[in-house]
Structure formats: structure tokens, C-alpha cells
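Subject: Structure handover

Hello,

Here is the structure I said I would pass on. My notes on what was found in it come below.

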Amino acid sequence: MKCLIVINCALILLIPNVGWGACQVYSYCDGNCVNAGLPTLALEEGCLNNTWDYKYIGVSESSVSGPLYSIPTCPQCETGYKQVTQEVMLSPSCTVQYYACELICTGCSNCSSDSTWSAHSTGYEKKVSRSCNCGTCNASTSYRCAAGYYGSSTNGTSGCTRCPNNGSSSAGTTSVTGCCISSGSDAAGTYSYSPQCCYQ
């Protein structure tokens with residue numbers, strides 16, 4: 001009697017695991033470094049005597065060398081600035097910290113925005129919005145048409161028109177369709193209306 005013996009086999013493919021390696025620190029750059037982590041111009045202003053140091057970081061994959069990154073960092077800030085820590089991610093497993101300088105901000109006094117609209121000139125109203133930016137109070141003014149007028153204005157001197165026949169409107173009305181005349185008759189006495197009549 002003959003027996004057939006079958007051995008189950010599995011085919012296994014060995015695929016190399018290509019992953020990011022850790023940061024590698026270098027002491028110099030050969031001139032072909034890639035700039036990374038450069039602070040914004042606003043932060044660059046505060047580095048004492050513009051004395052930036054540089055970190056040279058390399059990232060390598062499995063036996064594959066990556067570029068060499070040049071990362072500026074400020075060791076000391078000028079008076080009026082504070083040192084802040086920034087980060088730049090060079091790879092999923094390599095994040096480098098560096099120092100930059102940030103202006104120390106002071107508060108503003110009397111820098112609150114208007115809570116309501118106020119009269120500006122005939123037919124116009126204004127509202128001032130204020131915000132504090134590092135000790136400087138910045139203000140911007142918005143304009144709208146007053147009650148009894150319609151249109152829009154960017155300067156508070158033009159863009160608003162009186163409602164026809166001395167009609168009424170809510171402040172901020174932008175179209176003549178928002179102008180209405182209360183019940184009664186027109187100025188010439190030709191028409192009568194009840195209740196109020198609004199322009200179309």
C-alpha cells in the first residue's frame with residue numbers, strides 16, 4: 001500500500017522594513033545643507049547682535065542617507081525680547097528644537113472697542129474697533145447709514161442717500177426697499193396709503 005504524504009508549505013516574502021531613523025547630529029556642514037526651522041523675520045529681529053548658532057541634523061532611513069539640515073538657533077536675545085522654543089519636524093521620528101526670540105509685549109490702556117454705533121455726520125454713523133498689539137492700540141472705523149437713509153459707506157462722507165419723501169428706515173439699511181412711508185398721503189397729495197408703504 002502506497003501512502004501520499006503532503007506537507008503544507010507557506011511562501012514567506014521578506015520585505016525590508018524601511019523606516020525613518022533618529023536624528024543624527026553633525027558638527028559642521030559641507031555647504032550643501034538644507035535650510036530648515038528658519039524663524040520668521042519678526043522673531044529674527046531679537047537675536048542679540050544677530051549671533052545665530054546653527055544645528056546640523058541628518059536623518060537617515062534604512063541604509064539610505066538623507067539630506068543634512070541647517071537649523072539656526074539663537075543663544076541669547078536682546079533686551080525687550082524673550083527666548084522661545086520652536087520645533088521643526090524633519091521626519092516622523094525626528095523633531096528638532098531650536099531657540100528664537102519674541103518681543104515681550106506690554107498691555108494697552110484705553111483700547112476697548114465701541115459697544116454701540118454713534119452719530120458721525122448727517123446721515124452717517126460710526127463704530128470703532130480696537131485691538132492691542134504689543135503695546136500699540138490699533139483702531140479701525142466702520143461706517144453705516146443712519147436711520148432715514150439707505151446705502152453703504154466706507155468713509156463716513158459718501159454713499160448714503162436720504163429716503164424718498166422723507167421716508168423712514170432702520171440704521172444700516174442698504175437698499176431703498178428698506179425705506180417706508182407711514183400711512184397717510186404723499187407730498188403732492190396724489191396718493192393715500194394705509195398702513196405704511198415701502199419702496200419696491
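Two strands count as paired if DSSP finds at least two bridges between them. Helices (H or I, at least four residues) and strands (E, at least two) are DSSP runs, numbered from the N terminus. This is a predicted model, in which local features need pLDDT of at least 70 and side-chain atom pairs count only at pLDDT 80 or more, while totals for chains, interfaces and linings use all residues. Residues are numbered from 1 along each chain as its sequence is written, and side-chain values use heavy atoms, with hydrogens and water left out.

Overall picture

The protein has one helix and 15 strands. Of its 200 residues, 27% are buried (under 20% relative accessible area; exposed is over 50%, partly exposed in between, with a 1.4 Å probe and protein chains only). Its accessible surface is about 13,600 Å², and carbon and sulfur atoms hold 51% of that (Shrake-Rupley method, 1.4 Å probe; for residues, only the protein chains shown count as cover). Among contacts (heavy atoms within 4.5 Å) with a separation of 6 or more, 43% are between residues 24 or more positions apart.

The sheet S7-S8-S9

Three strands form an open sheet in the order S7-S8-S9, with antiparallel pairing. Strand S7 (118-121) and strand S9 (136-145) are the edge strands, each pairing on one side only. On average, neighbouring strands of this sheet are turned by 45 degrees against each other, direction ignored (axes are lines fitted to C-alpha atoms, for helices over the stretch in contact, and angles run from 0 to 180 degrees between N-to-C directions).

S7 is joined to strand S8 (residues 124-133) by three bridges, and Ala119 has Glu125 in S8 as its bridge partner. S8 is joined to S9 by ten bridges; Tyr124 has Cys145 in S9 as its bridge partner. S8 and S9 make a hairpin with two residues between them, and Cys134 in the turn has a positive phi of about 55 degrees.

Single residues

Most residues other than glycine have a negative phi. Asn50, in the loop between helix H1 (41-44) and strand S3 (53-61), has a positive phi near 55 degrees. Asn50 counts as exposed, at 55% relative accessibility. Asn110, in the loop between strand S6 (94-103) and S7, has a positive phi of about 50 degrees and is exposed at 76% relative accessibility.

Ser70 sits in strand S4 (residues 64-73) and is buried, with a relative accessible area of 7%. Beyond its neighbours within four places in sequence, Ser70 contacts residues including Cys33, Ala36 and Tyr54.

Regards
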